[in-house]
Amino acid sequence: DVYGRLEHLARRLESGQRELFRRHRNPAVISRVGSASCVYFSKTEPADWWDILENHDAAFDARYRRALIERGIYHFPVIVKQGSISFAHTEADIDRTLEATDDALRSLTRA
C-alpha cells in the first residue's frame, strides 16, 4: 500500500509541523496534496502568486530552510518550493524532521 503509507507519513509530518508552528507562534499555513507539501509563512493560504508576494514572509522562509539544512534536513532552499515524502522515508525520518523543525523554530524565534 504505497499510497496509503505516503499519505500516513505526509499527514503525520503536516500535523506535527502545524503544532510546532502554533507552539512557536509562527503564522504558517501548509498546502498539501498527497506526499507533496509547501509551507507558507502567512496567515492565510495563498490563492495565487500575487498573494504569495504580498503576504508570504520570504525572508523568514529563507532562514527557516537554511536552519533545516544546517540540522541535516534538506528542504530545497528556494522559497515556496514544495517538499515531498517518498516511499523510502520512515517514521524515524518524520520524527527527525519534526525535531529539527522544533529546534530551528526555537532558534529563529529567539533571533
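The largest cavity is lined by Ala-10, Leu-13, Glu-14, Gln-17, Arg-32, Ser-35, Ser-37 and Ile-85. The model is a predicted one, in which local features need pLDDT of at least 70 and side-chain atom pairs count only at pLDDT 80 or more, while totals for chains, interfaces and linings use all residues. Residues are numbered from 1 along each chain as its sequence is written, and side-chain values use heavy atoms, without hydrogens and water.

A cavity is a set of points on a 1 Å grid over the protein atoms alone where a 1.4 Å probe fits but cannot get out; lining residues have an atom within 4 Å of a point. The search of the whole structure finds one cavity of 30 Å³ or more. The largest cavity holds about 30 Å³ of space, a volume being the space filled by probe spheres set on grid points joined across faces, edges and corners. Helix 1 supplies the largest share of its lining, four residues. Three lining residues of this cavity are nonpolar, three polar and two charged. Here Ala, Val, Leu, Ile, Met, Phe, Trp, Tyr, Cys and Pro count as nonpolar, Asp, Glu, Lys and Arg as charged, and the others, Gly among them, as polar.

The largest pocket holds about 330 Å³. A pocket is an open set of points with protein on both sides within 12 Å along at least five of seven lines. Its lining has 18 residues, of which Ile-73, Tyr-74, His-75, Ser-84 and Thr-97 are the closest to the pocket centre. Helix 4 gives the most to this lining, with four residues. The pocket lining comprises eight nonpolar, eight polar and two charged residues.

Helix 1 and helix 4 pack at about 15°, with axes 10 Å apart. Helix 1 is therefore roughly parallel to helix 4 (angles under 35 degrees). Axes are lines fitted to C-alpha atoms, for helices over the stretch in contact, and angles run from 0 to 180 degrees between N-to-C directions. Helices are DSSP runs (H or I, at least four residues), numbered from the N terminus. The contact residues of this pair divide into seven nonpolar, five polar and five charged.

Helix 3 (residues 58–70) packs on helix 4 (residues 91–110) at about 130°, with axes 9 Å apart. Contact (heavy atoms within 4.5 Å) involves Phe-60, Arg-63, Tyr-64, Ala-67 and Leu-68 of helix 3 and Ala-100, Thr-101, Ala-104, Leu-105 and Leu-108 of helix 4. Eight of these residues are nonpolar, one is polar and one is charged.

Note on methods:
Helix = DSSP H or I, 4+ residues; strand = E, 2+ residues; numbered from the N terminus. Parallel < 35°, antiparallel > 145°, perpendicular 65-115°, else oblique.
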